[in-house]
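Have the sequence and the 3D view at hand as you read.

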Amino acid sequence: MDTLFQNVTAVLMDDGGTVLKNAYIGSDAGKISYISATPPEEKAKTVIDGKHKVLMPGLINAHTHLPMTLLRGFADDMDLQTWLFEHIFPAEGKLTPEITALGMRLGLMECLASGTVSITEMYDYPGHCVCAAIESGMKASLCRVLFGESPEPRLSEAIELIEQYHDYDNGRIRIDACVHAEYTSVPAVWEAAARLAQDKGLGMHVHLSETAREHNECVAKYGMTPAAVFDKHGLFSTRTTAAHCVHITDEDIDILAARGATAVHNPVSNLKLGSGIARVRAMRDKGLNVALGTDGTASNNSLDMFEEMKTAAILAAGENPLTAQGALRLATRNGAAAQGRADEMGAIAVGLDADLILVDFDRPHLTPLHNAVSSLVYSARGSDVVLTMVRGKTLYKDGAFLTIDREKVMAEVRKAACIF
């Protein structure tokens, strides 16, 4: 056995909501190999004491733009259209591949330090972003974004990216097909992306009905909602991650559910930009998979998935109940399903990848421990994570990044930020 967590409270995220106290959780060859209330006979190479700590599946950020760490606090307190077209797009026009990779590494560090083990990423210069993700040891689904009036030359770049990196390291890195949004592209782009996904067996990643303006202008232009027009052009013919879905209709939910898509709830970003609140209960009631994401730090301004879980749960109180267990599921098992990784991560079970995080509960705001799941969602913070592991390999421990040069990245980011 490679690693054994002992004397730990383990939140398994199984269907029964099992929480094991004083548990022993072991991993071997990157997989979870032992779960018990009694110690194993086999000795482990590394033993980690879990006293006053909670072990849980690593979190999955199902929609984000990590290089936007470079634009954190750059343009705040405005609506999405003004924020995006007058501030963010012009600033992004100054980015180089090298500077984008710096922002990606900065975002990866923030993810690791707050318990995220896998991301669904959408940004420019994806080759450089992929390399940063590979080096970090995290799992990631990335893409070459298609937008504009023609699929080329980005389609050719997407094919090259797929051929070079899809399923890298036994699937740790995956490449998705991607359309930015209905309002930034045309049917020829959607159809090209759909063909690419079908031909290569890829997932699809899109922004969908994030704002009322986006949604209503699409209806005025095409006589259909963004979901309906995308569906007409075949975009949902593969496993699809649809980010935001704030203004989708009941009919849109039916379409997405029938196609096996995932709606990614981004509550903090949507609230900050004044975009609205997604109808999570309506989606779940109709069988639509709902996962959780932070969006980018230019609109959030954090990659802390614990903050996202708490916000999602609180927003859903009253008429739209979402329990702590439900919120935790959005960020673990549902995120795994969104990425096509349900058979490898999202829970603690023998045979799944050892994608695990350890949360320190020996802190005033987490004491006493009455209910581990409730405390994780309503009281814990990303900064309470003391260990992040992917496939049994520790990537972050007690403030130290084991795969990323923290000091170098921080210094280079501060220097690069002068371009804005």
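F230 and F236 are both buried, where buried means under 20% relative accessible area, exposed over 50% and partly exposed in between (1.4 Å probe, protein chains only). This is a predicted model, in which local features need pLDDT of at least 70, side-chain atom pairs count only at pLDDT 80 or more, and totals for chains, interfaces and linings use all residues. Residues are numbered from 1 along each chain as its sequence is written, and side-chain values use heavy atoms, leaving out hydrogens and water.

Y396 and F401 are buried too. The structure holds seven aromatic pairs; rings of Phe, Tyr and Trp (its six-membered ring) pair if their centres lie within 6.5 Å, and planes under 30 degrees apart count as stacked, over 60 as edge-to-face and the rest as tilted. Two of the pairs are set out here:

| Pair | Centre distance | Plane angle | Class |
|---|---|---|---|
| F230 and F236 | 6.2 Å | 85 degrees | edge-to-face |
| Y396 and F401 | 5.1 Å | 55 degrees | tilted |

F230 and F236 also belong to one aromatic cluster, together with W190 and Y222.

Now for the helix. Helix 2 covers residues 97-113, with helices (H or I, at least four residues) taken as DSSP runs numbered from the N terminus. Just after helix 2, G115 takes a positive phi of about 90 degrees.

Note on methods
Helix = DSSP H or I, 4+ residues; strand = E, 2+ residues; numbered from the N terminus. Expected span 1.5 Å × (residues − 1).
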